[in-house]
Amino acid sequence: MANAIKQVINEVAEKVKMPSTPTRLRDLIRQIRAARTAAEERAVVNKECAYIRASFREEDSQWRCRNVAKLLYIHMLGYPAHFGQLECLNLIASPRFTDKRIGYLGAMLLLDERQDIHVLITNSLKNDLNNPVQFIVGLALCTLGAIASPEMSRDLASEVERLLKSTNAYLRKKAALCAFRIIGKVPELMEMFLPATRSLISDKNHGVLITGVTLIIEMCERSPDTLIHFKKEHREVVPSLVRILKNLIMAGYSPEHDVSGVSDPFLQVKILRLLRVLGHNDAEASEAMNDILAQVATNTETSKNVGNAILYETVLSIMHIKSESGLRVLAINILGRFLLNSDKNIRYVALNTLLRTVHADNSAVQRHRATILECLKDPDVSIKRRALELSFALINGSNIRAMMKELLAFLEKSDAEFKAQCSSGIVSATERFSPNRRWHIDTLLRVLIAAGNFLRDDVVSNTIQIISESTSLQGYAVGQLWRAVSCSSGSLQHDGQPGDLDLQGATLPISERQPLAQVASWCLGEYGDSLINGHTNANEQEEPVVAGEDEVVDFIQGILSSSQSTIITKQYALTALTKLSTRFSVTVGRIEDIVTRFGTHLNVELQQRGIEYAQLFTKHVALRPAIMERIPPMEHKSSQQGLTNGSSGGGGTLVSNGDDNMLMDDLSSFTTTSTSHSAPATKDSNSLLNLLGGLDNFDNGPSAPVFTNSKASTAPSTSNLDLLDLLGGLDLSGSTLSSAPISGPLMTTPTGSSTSSLVNNNLANLLSSPTTQMSAAVSNSSSFLIDGFLGTAPTPSPKLQNVTAYDKNGLKVDFSFDRPVDNPNLVIVTLTASSSYGSTLCDFLFQAAVPKTFQLQMMPASSTVINSGIPVTQVMRILNPTRAVLKMRIKLSFSRDGMTIQDQDEVKNLPSALWQ
């Protein structure tokens with residue numbers, strides 16, 4: 001009893017303290033702005049929220065509108081205001097327009113389709129959509145478009161469709177915008193609004209026109225059938241739009257629609273966008289709009305930003321439709337003028353658009369090459385990045401020298417964030433367009449010098465590969481590398497012209513040029529005797545670079561003793577030093593001492609190398625010259641990769657997807673050197689099998705069915721079938737494990753042997769008797785593989801229809817097919833990966849899986865970096881001896897703008913001619 005009396009007394013006291021008239025909104029704003037600290041602001045807000053709650057509890061309808069308005073302001077500041085949701089519904093139900101206005105505003109701010117309370121507003125909306133006051137109907141339409149859920153959209157779509165046919169232009173405009181949002185929520189309601197769009201684009205009111213065009217664009221982009229409907233059944237749509245656009249261009253000054261001297265630029269932009277949608281892949285529609293696009297491009301004022309916006313949309317429309325070549329040149333010239341604009345946003349838009357259109361008319365874009373290269377000096381990072389990507393897209397065989405000069409100058413002066421992208425792009429471009437091998441090597445050396453430590457691993461491997469392939473220039477490359485790493489003054493001779501390459505980067509310490517030290521160490525280890533003998537000049541007119549044995553050993557010892565050298569660099573250096581012991585004669589004892597010290601190194605890898613290399617100086621001296629002889633010229637990098645473009649294994653590795661005993665018998669190459677790749681290839685095959693997950697423990701024990709166990713059942717269990725089924729989610733009825741026998745000899749091993757031991761045993765067997773293993777592998781079940789992959793080159797048949805296997809996340813992957821006439825069971829699939837957004841995609845990795853009745857061979861990709869305009873290709877060979885229906889699941893991984901994207905999908909549109 002005492003507590004109840006105390007509570008009543010407190011409530012009376014609170015009422016006495018509360019002002020009779022609530023604080024006005026402007027006074028609340030003034031108090032909040034006067035707060036000097038966040039704590040003072042919170043105190044003001046909490047006090048006002050307490051008063052508003054008390055007012056709501058008393059159901060004080062006199063000041064409800066003012067309290068909700070203050071609550072919405074508090075919500076905009078980031079404070080909780082959910083307790084005012086029901087009051088918004090009460091205001092919506094009020095007959096007064098001022099109350100409804102605040103109520104609907106509160107509903108749009110405080111409610112959304114995820115909250116159950118928004119369903120209570122449906123009846124009020126339906127009533128207000130039939131209100132005779134147009135402004136109340138407009139409020140209801142705006143609110144419906146903002147917070148409509150799919151259920152609410154279906155309930156009220158008929159009311160919106162009725163208002164689309166209203167004689168009131170204000171209501172037609174609001175209804176069109178509401179229909180636009182409803183279609184986004186429930187696309188199947190599109191047919192309901194389709195008949196009403198005919199009158200919208202013929203309306204004289206600009207507001208109705210722009211909303212009608214917006215609605216049609218949304219319909220065409222969401223539904224291909226609707227797009228065909230507007231293209232074929234309404235031939236008057238394009239002429240009508242052309243007429244409206246022409247009137248806007250030729251119209252005189254109109255105060256109602258004029259913006260900076262341009263008549264209704266918003267409507268012009270919308271019409272241009274709709275023309276772009278309707279003219280895509282439609283020659284007849286494109287022909288009808290060519291003239292008006294030319295007029296817009298030539299008559300629009302470019303001194304104001306509104307004119308530039310119209311020109312930008314015009315350029316997009318010209319490049320998107322089947323326009324004339326002269327019109328395309330005009331569009332690219334407009335973008336070239338944009339590059340000279342002082343506004344950074346306009347320059348960025350121009351570069352971004354040129355990057356997307358450079359493939360349509362490369363020669364026209366080449367005219368603006370100097371301006372594009374000048375953008376590399378822009379202080380804005382975004383402009384610089386887009387200009388760099390566009391510069392690489394412009395490189396071809398005729399301008400490679402001039403472009404490389406500018407790009408190398410940019411690489412030397414650029415910030416660290418650009419060096420990796422720029423260096424990889426230069427390496428890729430020089431590999432495609434280098435005029436000669438010496439120029440190629442010199443350019444790669446300049447990249448190593450200029451980029452420092454900001455290099456991707458592919459640059460080092462590519463440089464080593466090129467030097468290894470160029471047998472006549474190996475001595476020259478060693479000499480130039482020695483000049484670079486020894487910090488000597490002078491310059492490399494580039495194409496016989498001394499002084500073309502300044503060795504500024506050579507003055508940097510080893511810690512800031514690790515990739516250069518790695519390449520130099522490898523080359524010194526392989527061809528160091530050329531440096532001692534003076535065989536380092538490419539021709540007789542050049543002076544050779546000569547160094548002594550002690551100088552070379554001192555340099556490598558400096559790398560090994562430096563605390564700033566990375567472990568990888570020390571591995572290169574230690575191996576090179578061991579190799580030099582077979583090429584040098586004076587410093588062999590010194591080399592042995594240095595190598596022996598690494599037997600106690602803290603790093604396990606270096607310690608192992610040190611111990612093993614030291615054995616070559618003591619127990620196996622006679623074997624050292626043979627083991628450390630020069631590596632034969634390397635094949636192209638792509639031939640050294642395995643199942644995927646990111647793995648390492650034997651070139652042209654054959655993949656039998658139906659079993660896990662993969663690559664132990666390499667049917668594509670029976671040489672001893674190929675067996676060294678078997679273990680990595682098996683690991684890569686496991687990752688390929690794990691496209692759908694579920695094989696996390698595949699490598700952890702003997703449960704992985706790599707070989708047949710002597711105590712195991714011949715038929716695997718159901719769970720193993722599920723693991724081995726690469727396409728678990730697909731319909732593979734009739735495909736069982738027994739239908740795909742394991743190719744090659746099956747090895748019987750004791751129970752409990754690990755996978756790694758099995759691999760080693762198989763390698764030992766291969767090394768011991770390659771002839772026996774080969775004869776066992778070439779059995780009846782695998783003879784067709786040898787015919788397909790080891791025989792003569794198949795005669796290509798006419799190409800089948802190309803398909804798009806993947807088009808998401810800025811990456812587009814297309815498949816083209818060939819079936820050799822002499823081997824109809826073989827399908828050669830050529831994959832072409834390109835960038836859809838015009839941006840550079842890095843670390844591209846493609847994997848594929850087919851049912852186990854097929855045999856799949858994946859050749860490596862041409863590159864792991866997809867530059868704009870430079871697609872990446874990869875070849876797959878699929879053997880289908882049973883002529884079964886081909887099903888394929890793919891997994892892709894790549895990086896875009898620093899973000900790693902991984903995705904997997906099923907290719908469902910493979911042509912039936914592949915297996916018929």
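In what order do the three strands of the open sheet come? I read off β9-β12-β13, with antiparallel pairing. Strands here are DSSP runs of E with at least two residues, helices are H or I runs of at least four, both numbered from the N terminus. Two strands pair if DSSP finds at least two bridges between them.

Bookkeeping: I'm in a predicted model, where local features need pLDDT of at least 70, side-chain atom pairs count only at pLDDT 80 or more, and totals for chains, interfaces and linings use all residues. Residues are numbered from 1 along each chain as its sequence is written, and side-chain values use heavy atoms, with hydrogens and water left out.

I find β9 (841–849) and β13 (899–907) at the edges, each pairing on one side only. β9 runs antiparallel to β12 (residues 888–896) over seven bridges. In that pair, I see Leu841 opposite Arg896 of β12.

Next I looked up helix α29 (residues 514–533), which has 20 residues. I checked its burial (buried is under 20% relative accessible area, exposed over 50%, partly exposed in between, with a 1.4 Å probe and protein chains only). α29 is mostly covered, with 17 of its 20 residues buried. Just after α29, Gly534 has a positive phi of about 80°.

Last stop: Asp529, which sits in α29. Is Asp529 buried or partly exposed? Partly exposed, because its relative accessibility is 22%. Leaving out residues up to four places away in sequence, I see Asp529 touching Arg583, Phe584 and Arg630, where contact means heavy atoms within 4.5 Å. Val478 is 51 residues from Asp529 in sequence, and 9.7 Å away C-alpha to C-alpha.

Technical notes
The expected span of a helix is 1.5 Å times one less than its number of residues.
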